[in-house]
Amino acid sequence: MKKLIYSLICVRAGSKGLKNKNIKNFLGKPLVYWSIKQSQNVNFIKRTFVSTDSSKIAKICKKYKAEVPYLRKKKLAKDSTPEWLVWRDFLLYLIKKKIKLPEILIILPATSPLRLIQDIKKCI
């Protein structure tokens, strides 16, 4: 694949259903780890980014080699926030920092750790 592809994993600290769900242990690792690892295992995804409002989540994601270039504003981390606003915020950040925009941005929800890598590849 010749296109520039990034993945974006959106995880916030607040969760009304299950507190801290994105960093809860799932098969021995924080839930968000599985999406990071899946992204890193798709050879044509060049960079794996995480958008979060939590320094604790950011630290965990960085430990697993995901890029967390900034903490998301609290107004973009509410239960009622449409996720596309988070995507837009991320792309605007890339523009502001003069980071090359991807031709494809893959969104990998942390709450879907059982997806298959071949399914990600098929989507691309």
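Residues are numbered from 1 along each chain as its sequence is written, and side-chain values use heavy atoms, with hydrogens and water left out. Because the model is predicted, local features need pLDDT of at least 70 and side-chain atom pairs count only at pLDDT 80 or more, while totals for chains, interfaces and linings use all residues.

**Largest pocket**

A pocket is defined on a 1 Å grid over the protein atoms alone, as an open set of points where a 1.4 Å probe fits, with protein on both sides within 12 Å along at least five of seven lines. Lining residues have an atom within 4 Å of a point. The volume is the space filled by probe spheres set on the points, which are joined across faces, edges and corners. The largest pocket holds about 290 Å³. Its lining has 17 residues, and those nearest the centre are Cys10, Val11, Arg12, Arg72 and Glu83. By class, the lining comprises eight nonpolar, three polar and six charged residues. Here Ala, Val, Leu, Ile, Met, Phe, Trp, Tyr, Cys and Pro are nonpolar, Asp, Glu, Lys and Arg are charged, and the others, Gly among them, are polar.

**Cysteines**

With a disulfide taken as a pair of cysteine sulfur atoms within 2.5 Å, the count is zero. Burial is judged by relative accessible area (buried under 20%, exposed over 50%, partly exposed in between; 1.4 Å probe, protein chains only). Cys10 is buried at 16%, and Cys61 is buried at 0%.

**Salt bridges**

Side chains of opposite charge can pair when their charged atoms come close. A salt bridge requires a side-chain nitrogen of Lys or Arg within 4 Å of a carboxyl oxygen of Asp or Glu. The model has four salt bridges by this rule, including those in the table.

| Pair | N to O distance |
|---|---|
| Glu67 and Arg47 | 2.6 Å |
| Asp53 and Lys74 | 3.3 Å |
| Lys73 and Asp89 | 3.8 Å |

Helices (H or I, at least four residues) and strands (E, at least two) are DSSP runs numbered from the N terminus. Glu67 and Arg47 meet in a salt bridge. Glu67 sits in the loop between α2 (55-63) and α3 (83-96), and Arg47 in strand β4 (residues 47-51), so this pair ties together parts 20 residues apart in sequence. Glu67 is partly exposed at 28%, as is Arg47 at 26%.

The side chains of Asp53 and Lys74 also form a salt bridge. This pair links the loop between β4 and α2, which holds Asp53, to the loop between α2 and α3, which holds Lys74, 21 residues apart. Asp53 is buried at 9%, whereas Lys74 is exposed at 55%.

Lys73 and Asp89 are likewise joined by a salt bridge. Lys73 is in the loop between α2 and α3 and Asp89 in helix α3, 16 residues apart. Lys73 is partly exposed at 47%, and Asp89 is buried at 13%.

**Helix α2**

Which residues of α2 are buried? They are Ile57, Ala58, Ile60 and Cys61. Down the helix axis, the buried residues fall within an arc of 165°, so they line one face of α2. The arc is that of the directions from the helix axis to the C-beta atoms. The face turned away from the buried side carries the exposed residues Ser55, Lys56, Lys59 and Lys63.
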